[in-house]
Amino acid sequence: MNALLSPQPPRFPHYYENPRLSPQRSVSPMQSMASRKRKADEDGDEIMSPMSSPAIASRPFVRPSKKARSSDIVGRPLAIPRLLETLDASELRTVLERICERHPTIGQEVVSGAPRPSVSSALAVLREYQRKLNEAVPYGQSSPDYTYYRVKEPLVALIDALSDFTPQYLPPTETQPTRSLQFLDGATKLIHELPNWEPQAYRHHKDNAYDEISRAWAVVISEASKRGGGCFSLHSGGWDKTLACHNEQSGGRLGSAMSAMASSVNWMEPGSGPSGIATDQSSILNQIISGSYSSPVRVGPW
């Protein structure tokens, strides 16, 4: 009855099954250590694997944050760098002039921080004023009065600019006589090209410009003659001849400049000494200029 009620069916041994249990193989201590080492290495490889790292697995993926943009578009003024990009040179100068007028301290910083204008840049500005003057001259035949009132504004602007730039290249502000003379040479050429008005009342602009530039020449020449080799530089540089040409082209209106040059370098010309007799100094200096000077060697008892 118990056999019939048993939940497990009877198990009969297999025909080929060996009823005897196989003896357990003994494991040597070295094999056990190797097995443990191999297991430790395998575990270490699994721990060091970046994919199996719990720190990386649990770290959430962070996306780069996007700049929050407002859905509402409102008007706002340009930033200063963008605003300056839209201004040309003329507009930028106007803005800077207004700021300097309102804040004199800023104007002083601009004067002290800005580089000194070169001779070429100053003359370029004056030539731009001259271009505007030439463009204002009416076409065809016109009366002197009409022509004068057409060009009066750019003419006065050129004269004022010339008066403002000239002191910049005079001593003691300018310490290099060559730079001063280069500017005066270019400025005098511009004055030559000013219109010659038939009515005497309209000639005062050009006459005053000649008078001012002549006094500027005299200041520079007098200062150069006080320095060592200054007279020699004026003569060797040909500035005495340049001034003589300017004086001739102006109709003798550079009298003060010619007087200063005569007192500075005339002694260098042969026969220009007292009573028209060439001095020993002028003779030696002319030999130095021509390259034929040789120091005399004294022979005999001293």
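Aspartate 185 is buried, at a relative accessible area of 15%, where buried denotes under 20% relative accessible area, exposed over 50% and partly exposed the range in between, computed with a 1.4 Å probe on protein chains only. The model is a predicted one, in which local features require pLDDT of at least 70 and side-chain atom pairs count only at pLDDT 80 or more, while totals for chains, interfaces and linings use all residues. Residues are numbered from 1 along each chain as its sequence is written, and side-chain values use heavy atoms, with hydrogens and water left out.

The side chain of aspartate 185 meets that of lysine 189 in a salt bridge (3.8 Å, N to O), a term applied to a side-chain nitrogen of Lys or Arg within 4 Å of a carboxyl oxygen of Asp or Glu. Both residues lie in helix α9, 4 residues apart, about one turn of the helix, helices being DSSP runs of H or I with at least four residues, numbered from the N terminus. Lysine 189, at 45% relative accessibility, counts as partly exposed.

The structure holds 8 salt bridges, among them one between arginine 116 and glutamate 174 (3.1 Å, N to O). Arginine 116 is located in the loop between α6 (104-113) and α7 (119-136), and glutamate 174 in the loop between α8 (144-165) and α9 (177-192), so that the pair ties together parts 58 residues apart in sequence. Glutamate 174 is buried, with a relative accessible area of 4%, whereas arginine 116 is partly exposed at 43% relative accessibility. Arg116, Glu174 and Arg179 are linked in a network of salt bridges.

Key. Helices (H or I, at least four residues) and strands (E, at least two) are DSSP runs, numbered from the N terminus.
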